[in-house]
Amino acid sequence: MVRRDRNHLSIFAWSIGNEVDYPNDPYSHPVLDGGSDTGFTQPIFGGYKKDAPDAMRLGDISKHLVNVVKQYDRTRPVTAGLAGVAMSNQTEYPGALDIAGYNYTESIYEADHKKYQDRIIYGSENRHDMESWKAVRDNEYIFGQFLWTGIDYLGESGPWPSSGFYSGLLDFGGFIKPRGYFR
């Protein structure tokens with residue numbers, strides 16, 4: 001795919017994954033147990049699961065995947081959408097990326113920018129609300145964000161008779177919704 005599409009105008013970055021670091025799905029790390037030095041006041045995502053695959057593997061896997069991509073295209077950055085940023089920060093995963101995507105974790109932009117000053121951060125999957133936008137607008141070190149989702153779609157629906165997910169800026173017919181005009 002990289003070799004085939006490396007000269008396509010729409011490609012600005014290559015992603016090696018989205019939310020592969022979701023805590024305890026399957027990777028786990030002791031940071032999930034919480035504690036004063038972790039930033040968590042209590043265990044999150046069910047706490048550390050010692051029998052789960054070790055999250056430290058994410059660093060080796062990401063370095064390998066980045067090298068595979070760079071073998072075919074050294075002109076574009078490599079990224080990933082991180083779902084468990086706090087856990088991934090304990091590994092080499094984010095450091096292997098050229099640009100780190102943060103999914104729904106605007107609350108840690110500032111702290112991570114201070115701690116990892118060379119890390120290029122963007123919102124890789126974000127809500128439509130004003131606070132999510134302000135996290136980009138008010139922090140020059142965040143270069144932008146991508147929304148989930150732009151257009152309403154079938155699937156991920158609630159109980160019957162709902163048949164779709166209605167959080168888009170455009171409705172099923174492609175018409176701009178009030179939140180789309182607002183945005």
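**Group meeting: core, strands and salt bridges**

Let's start with Tyr-93. Leaving aside neighbours within four places in sequence, Tyr-93 touches Ile-16, Val-20, Asp-21, Leu-58, Gly-59, Ser-62, Ala-80, Leu-82 and Ser-88. Keep in mind that this is a predicted model.

Now the core. The largest nonpolar core holds 27 residues. Tyr-93 is among those with the most contacts inside it, along with Ile-16, Leu-82, Met-87, Leu-97, Tyr-102 and Tyr-109. Which elements supply at least two residues each? They are β1 (14-18), α2 (57-72), β2 (78-82), α3 (85-88), β3 (99-103) and α6. As a general point, nonpolar side chains in soluble globular proteins tend to be buried together.

Next, the strands. β3 and β4 run parallel, joined by four bridges.

On to charges. The count of salt bridges comes to nine. I'll take three of them.

First up, Lys-63 and Glu-92. Their side chains meet at 2.5 Å, N to O. This pair links distant parts of the chain, 29 residues apart. Lys-63 sits in helix α2, and Glu-92 in the loop between α3 and α4 (93-96). Buried or exposed? Lys-63 has 34% relative accessibility, so it counts as partly exposed. Glu-92 is at 46%, so that residue is partly exposed too.

Next, Asp-73 and Arg-76. The closest N and O atoms of this salt bridge are 2.6 Å apart. Here Asp-73 is buried, and Arg-76 is buried as well.

Why do we call Arg-119 buried? Because its relative accessibility is 15%, and the cut-off for buried is under 20%. Asp-112, at 7%, counts as buried too.

Finally, the surface. Met-130, Trp-133 and Phe-182 make a nonpolar patch of about 300 Å². Trp-133 belongs to helix α6, residues 130-137. Its relative accessible area is 34%, so Trp-133 is partly exposed. Remember that α6 also supplies at least two residues of the core.

Key. Residues numbered from 1 in each chain as written. Predicted model: local features only at pLDDT ≥ 70, side-chain atom pairs only at ≥ 80, totals over all residues. Heavy atoms only, no water. Patch = residues over 30% accessible without salt bridge, like charges linked within 9 Å, V, L, I, M, F, W, Y side chains within 5 Å. Areas by Shrake-Rupley, 256 points an atom, 1.4 Å probe, with all protein chains shown as cover. Salt bridge = Lys/Arg side-chain N within 4 Å of Asp/Glu carboxyl O. Buried < 20%, exposed > 50% of the residue type's maximum accessible area, 1.4 Å probe, protein only. Core = buried A, V, L, I, M, F, W, Y, C linked by side-chain atoms within 4.5 Å. Contact = heavy atoms within 4.5 Å. Pairing = 2+ DSSP bridges.
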